[in-house]
Structure formats: C-alpha cells, structure tokens
Amino acid sequence: MNALVLRAHLAFRLCGMSQVALQACQRLVHEQHLQHQGFMIAIANMSLTVPGAKSKTEEFLTVLQEFLEKKPHYLQLIETLEEVEATLANIPLLPSLAKQVSQDPMTSISSCKDIEEQRDNMTLLDWLQARGSGDTVQQLSQTCMRDIQQFTEETVTNIQTPLTKLMVSFGDKNMRTIQGLPERFSGLDKLLDKLSCLVQEQGDLAEAMDMNSKEANMLGDSSILPDLCMSHRRQLIIMQRNHGKIMEINWRVDHA
C-alpha cells in the first residue's frame, strides 16, 4: 500500500513540474507578444514623427544654405565695424534720442542718469553703448565673428547625412517588419497547445493514480495490489515520457 501512495505522490510531483513548465512557456510567449506590440507602436510613432522631422530639417537646411551663401557678406560687414565705430564716435547725440531714453524699458536707470548728465558731450556711440549690454564694439565683433564662423558646409553635411540614412532606413520595409514573425508566433502557439494537452494528461494520470490508491486503501483487499501496482507502473512510464516531451517543448520555447 505504501508503494501505491509513493507512486501517487510521485505522479503529483511530475504533474506539478509540468504545470510550472507550462506557466513559464506561457509567460515567455506572452513577453514576445508584448515586445512585438512595443515594436509596432515604435514604428507607428516613427511614421508620425519622421515625415515632420524631415520637413523641419529640410527647412532648416534651406535657411542654413542661404546663410552660408551670404556668409562672406556678413563677415565683410563685421570687418567694417571699426570704421562704423569711428563714425558713430564723431556723431553728436541728438536731443530727441536723449528724450526717448527715459521711456525705453531696455535702458537701465543708471544709464538714464548718465545720459541725462552727459548728453551735451555724448556721441551716438556712447548712447548705443549705454543702452546695450556694456560690451565694446570690438567684443561684439569678435562674438559675431565666432558665431558666424562655426557654421560651415560641414555643418550641412553633419545634418544631411544622418537625415538621409534615417529616410533610407525608414523607407525600407524590411526595417519596419520582422520577417517570419507570423510563422514564429503560429509555431509557438502550436507548441503551447501541445504542451497544454500534455499537462492535462499528466494531471489526469495523477488523479487516476491517487483515486486508485484511495479506493484500494478503503477496500483493504491486498489481492488487487499486484495488478494495481503494475497499472501504476505503466502510468508512471507514460508520465515520464510526457515529462521528457514537456521539457523538450520548454527548451524550444525558451530558445525560440
């Protein structure tokens, strides 16, 4: 009788292991479905954002190209700032400009007082510097020169090249789909169906062995024990084979 109980216990252990394997496989397949959904969402977002990004980038490149065409002219203007500075330094401040200072929010209170106190001796250059950031014309010239020089044809290339690569990749259907994915999911679903059947069979065999053990214990008839033990042995052999199949499916799903 103890042999029957032990075999029934072993059957339930095999059944429990099969259920754990089934849950693990179901989780793995579910995670792959979630990954695919995330991939499709990313592709959908790209379909919405890439055309707009392309349009904005091309607009910027057009403006940048126009700027580069006029760049020599801008540099030439900067080089003449010293002459402009000398000219402004010789132009007396107009009274009408001095009156506007107090109404101009761009001019600080201290600058207003300086202009009021010195306006009879101020030049147009002094007036401009009082209203500005305090930088000299030379400092402004250097800042403008540095900012203009940083934009070159290489800047255009550094923007255009990634954009071109992005559009080529975006236009490639192979980049937006995963080849063979429907077949892959179909194969995984078939494996799960087969695994579920095996797990169900393991449960049925374990339940049958447990029921037989309990009935034999209730009857107390030792004459049926040899046949019952032989039956349990055959059922355990079946469960062992099923367990091997379950482990194989588990491995295939895990490495899919």
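Reader: Which residues have the most contacts inside the largest nonpolar core?
Author: This is a predicted model, where local features need pLDDT of at least 70, side-chain atom pairs count only at pLDDT 80 or more, and totals for chains, interfaces and linings use all residues. Residues are numbered from 1 along each chain as its sequence is written, and side-chain values use heavy atoms, leaving out hydrogens and water. A nonpolar core is a set of buried (under 20% relative accessible area, 1.4 Å probe, protein chains only) Ala, Val, Leu, Ile, Met, Phe, Trp, Tyr and Cys residues joined through side-chain atoms within 4.5 Å. The largest one has 15 residues, and those with the most contacts inside it are L195, I246, I249 and V253.

Reader: Okay, which element gives the largest share of this core?
Author: Helices here are DSSP runs (H or I, at least four residues), numbered from the N terminus. Those giving two or more residues to the core are α1, α10 (225–254) and α9 (181–219). The largest share, 8 residues, comes from α9.

Reader: What is I249 in contact with, leaving aside its neighbours within four places in sequence?
Author: Contact means heavy atoms within 4.5 Å. On that basis, I249 touches C25, L191, K194, L195 and L198.

Reader: And how is α1 oriented relative to α7?
Author: Helix α1 (residues 2–79) and helix α7 (residues 153–171) pack at about 155°, with axes 11 Å apart. Axes are lines fitted to C-alpha atoms over the stretch in contact, and angles run from 0 to 180 degrees between N-to-C directions. Over 145 degrees counts as roughly antiparallel, so α1 to α7 is roughly antiparallel.

How values were computed: Angles under 35 degrees count as roughly parallel, over 145 as roughly antiparallel, 65 to 115 as roughly perpendicular and the rest as oblique. Buried means under 20% relative accessible area, exposed over 50%, partly exposed in between (1.4 Å probe, protein chains only).
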